[in-house]
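Please open the model in your viewer and keep a selection panel at hand.

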Amino acid sequence: MTRKFRTLFAIPAALLATAALAACTAMGPVRTTTVDSVDPERYLGTWYEVGSVKQFFSVGLVNVTANYQLNPDGTIRVENRGEYFTDGGPESRIVGSAAAVDDTFSKLNVTFVGTAQPNPPGNYWIVALDEDYQWAIVSDPTGTSAFFLSRTPQVSDEQYQEFLDLAAEAGVQTSGITPTPQFAD
């Protein structure tokens with residue numbers, strides 16, 4: 001597959017995702033809570049998306065991952081990737097940046113256009129986090145987006161239900177969350 005074809009999927013998605021998150025934050029009241037603090041060094045690395053509220057650009061994506069790495073300027077490099085429809089399908093990949101809104105690192109601004117700025121309230125809120133950093137639940141201030149992240153590509157049905165329960169407790173609207181297929185290596 002050509003790079004041009006892959007880019008056609010990624011660029012519009014990036015622009016619209018950033019705009020959608022900004023609009024979401026501006027449109028609704030704050031309804032979610034975050035964890036008290038996050039150790040950014042422990043949060044770095046690869047996460048598998050095992051569930052989310054699908055956006056138009058993510059419908060049909062499987063094997064979705066997010067990789068976070070520290071940039072020299074203190075922001076975090078964000079690389080999201082997935083494959084459309086099937087294992088080995090057309091790739092969707094986009095790179096952006098994140099900046100912590102405050103020193104707790106539980107609220108960040110993520111953008112795929114330009115460099116992220118630490119402007120409150122942020123659009124990436126970590127609402128639940130395993131003490132060993134093996135899973136995380138991410139939303140936004142209004143609770144209308146949701147991402148279930150795991151260090152492993154598969155979670156049990158019981159763990160997935162626990163994610164739903166924890167998300168609801170944190171103020172996330174869980175009705176639109178669906179599993180993200182991950183094909184085991």
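Select E83, which counts as buried at a relative accessibility of 12%. The model is a predicted one, and the values given at each stop are computed from it. E83 belongs to strand β3. Display its contacts next: beyond residues up to four places away in sequence, E83 touches G60, L61, V62, N63, G88, G89, P90 and E91. Two of the polar partners can be drawn as distances. The side chain of E83 makes a polar contact of 2.7 Å with the side chain of N63, and the E83 side chain also reaches the backbone nitrogen of G88 at 2.9 Å.

**Second stop: the charged pairs of R81**

Side chains of opposite charge can pair when their charged atoms come close. With which side chain does R81 meet in a salt bridge at 3.5 Å, N to O? The partner is E83. R81 is partly exposed, at 23% relative accessibility; the cut-off for buried is under 20%, so E83, at 12%, counts as buried.

Move to S52 in strand β1. Is S52 buried or exposed? S52 is buried, with a relative accessible area of 1%. Its side chain has a polar contact of 3.0 Å with the side chain of E49 and another, of 2.9 Å, with the side chain of K54. E49 and K54 also pair with each other: their side chains meet in a salt bridge at 3.9 Å, N to O. Of this pair, E49 is buried, with a relative accessible area of 9%, while K54 is partly exposed, at 24%. Leaving aside residues up to four places away in sequence, S52 touches A146, F147, G176, I177, T178 and T180.

Select residues 157–169, which form helix α3. The helix has 13 residues and reaches 19 Å from its first C-alpha to its last, close to the 18 Å expected at 1.5 Å a residue. Colour Y160, F163, L164 and A167, which are buried. Viewed down the axis of α3, the buried residues fall within an arc of 95°, so they line one face of the helix. What do these buried residues pack against? They pack against β1 (45–53), β7 (135–139), β8 (147–150) and β9 (177–179). After α3 comes G171, whose phi is positive, near 95°.

Select V155, in the loop between β8 and α3. V155 is partly exposed, with a relative accessible area of 26%. Apart from residues up to four places away in sequence, V155 touches V50, S150, Y160 and F163. Draw the C-alpha distance from V155 to V50: these residues are 105 residues apart along the chain, yet their C-alpha atoms are separated by 7.4 Å.

**Last stop: D140**

Finish in the loop between β7 and β8, where D140 is found. Which side chain of opposite charge is nearest to D140? It is that of R31, 7.6 Å away. A salt bridge requires a side-chain nitrogen within 4 Å of a carboxyl oxygen, and D140, although buried, has none. Its side chain instead reaches the backbone nitrogen of G143, at 3.0 Å.

Definitions and conventions. Residues are numbered from 1 along each chain as its sequence is written. This is a predicted model: local features need pLDDT of at least 70, side-chain atom pairs count only at pLDDT 80 or more; totals for chains, interfaces and linings use all residues. Side-chain values use heavy atoms; hydrogens and water are left out. Helices (H or I, at least four residues) and strands (E, at least two) are DSSP runs, numbered from the N terminus. The expected span of a helix is 1.5 Å times one less than its number of residues. Buried means under 20% relative accessible area, exposed over 50%, partly exposed in between (1.4 Å probe, protein chains only). The arc is that of the directions from the helix axis to the C-beta atoms. Contact means heavy atoms within 4.5 Å. Lys and Arg count as positive and Asp and Glu as negative; His and the chain ends are not counted. A polar contact is a pair of N or O atoms within 3.5 Å; within protein, one must be able to donate a hydrogen and the other to accept it, and residues adjacent in sequence count only if both atoms are side-chain atoms.
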